[in-house]
Amino acid sequence: MGGKYTKRYTEEFKRDAIALVDSSGKTVAAVARELGISSESLRGWYRKAKADRGEGTPGELTSAEREELKRLRRENREQQQTIEILKKATAFFVKENDR
């Protein structure tokens, strides 16, 4: 489990760390050790960067695709809520009209 305090890294630091893995020929774990960061964090950043460059595993989403999926899911949820409200309103007005 993660600790109470999570260290935040700048996008620039992440880019530099990823570039170091690409250019040094060292493993992700070795670079992470040198930089004093978690190898799992660097591995995640590296995997995400590869996907964004189109070098990820088949079916892996890019950052832009993940953001779009998140936006579409939010819109879908909002539309479902609107539909439920409209159904209830329709039922209410039909009931009132029958009186």
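What is the volume of the largest pocket? I began with this point in the predicted model, and I noted a value of about 280 Å³ for the largest pocket.

**Pocket lining.** I then listed the residues that line the largest pocket, and I found Glu 11, Lys 14, Arg 15, Ile 18, Gly 44, Trp 45, Lys 48, Ala 49, Asp 52, Arg 53 and Ser 63. Sorted by class, this lining has six charged, three nonpolar and two polar residues. I looked up which elements contribute, and found that α1 (11-24) and α3 (39-52) each supply at least two residues of the lining, while the largest share, five residues, comes from α3.

**Nonpolar core.** Next I turned to the largest nonpolar core, which has eleven residues: Ala 17, Ile 18, Val 21, Val 28, Val 31, Ala 32, Ile 37, Leu 42, Trp 45, Tyr 46 and Ala 49. The elements that give two or more residues to this core are α1, α2 (28-35) and α3, and α3 gives the most, with four residues. I set beside this the general note that in soluble globular proteins nonpolar side chains tend to be buried together.

I checked the span of α3, which has 14 residues and reaches 20 Å from its first C-alpha to its last, close to the 20 Å expected at 1.5 Å a residue. Which residues of α3 are buried? I found Leu 42, Trp 45, Tyr 46, Ala 49 and Ala 51, and what covers the buried residues of α3 includes α1 and α2. In α2 the buried residues are Val 28, Ala 30, Val 31 and Ala 32, and they pack against α1 and α3. After α2 comes Gly 36, for which I noted a positive phi, near 75 degrees.

**Ile 83.** Last, I looked at Ile 83, which is found in helix α4 (residues 63-97). Is Ile 83 buried, exposed or partly exposed? Ile 83 counts as partly exposed because its relative accessible area is 38%, and this class lies between the cut-offs of under 20% for buried and over 50% for exposed. I also noted that Ile 83 and Leu 61 are 22 residues apart in sequence and 30 Å apart in space, C-alpha to C-alpha.

Notes:
Residues are numbered from 1 along each chain as its sequence is written. This is a predicted model: local features need pLDDT of at least 70, side-chain atom pairs count only at pLDDT 80 or more; totals for chains, interfaces and linings use all residues. Side-chain values use heavy atoms; hydrogens and water are left out. On a 1 Å grid over the protein atoms alone, a cavity is a set of points where a 1.4 Å probe fits but cannot get out, and a pocket is an open set with protein on both sides within 12 Å along at least five of seven lines; lining residues have an atom within 4 Å of a point. Grid points are joined across faces, edges and corners, and a volume is the space filled by probe spheres set on the points. Ala, Val, Leu, Ile, Met, Phe, Trp, Tyr, Cys and Pro count as nonpolar, Asp, Glu, Lys and Arg as charged, and the others, Gly among them, as polar. A nonpolar core is a set of buried Ala, Val, Leu, Ile, Met, Phe, Trp, Tyr and Cys residues joined through side-chain atoms within 4.5 Å. Buried means under 20% relative accessible area, exposed over 50%, partly exposed in between (1.4 Å probe, protein chains only). The expected span of a helix is 1.5 Å times one less than its number of residues. Contact means heavy atoms within 4.5 Å.
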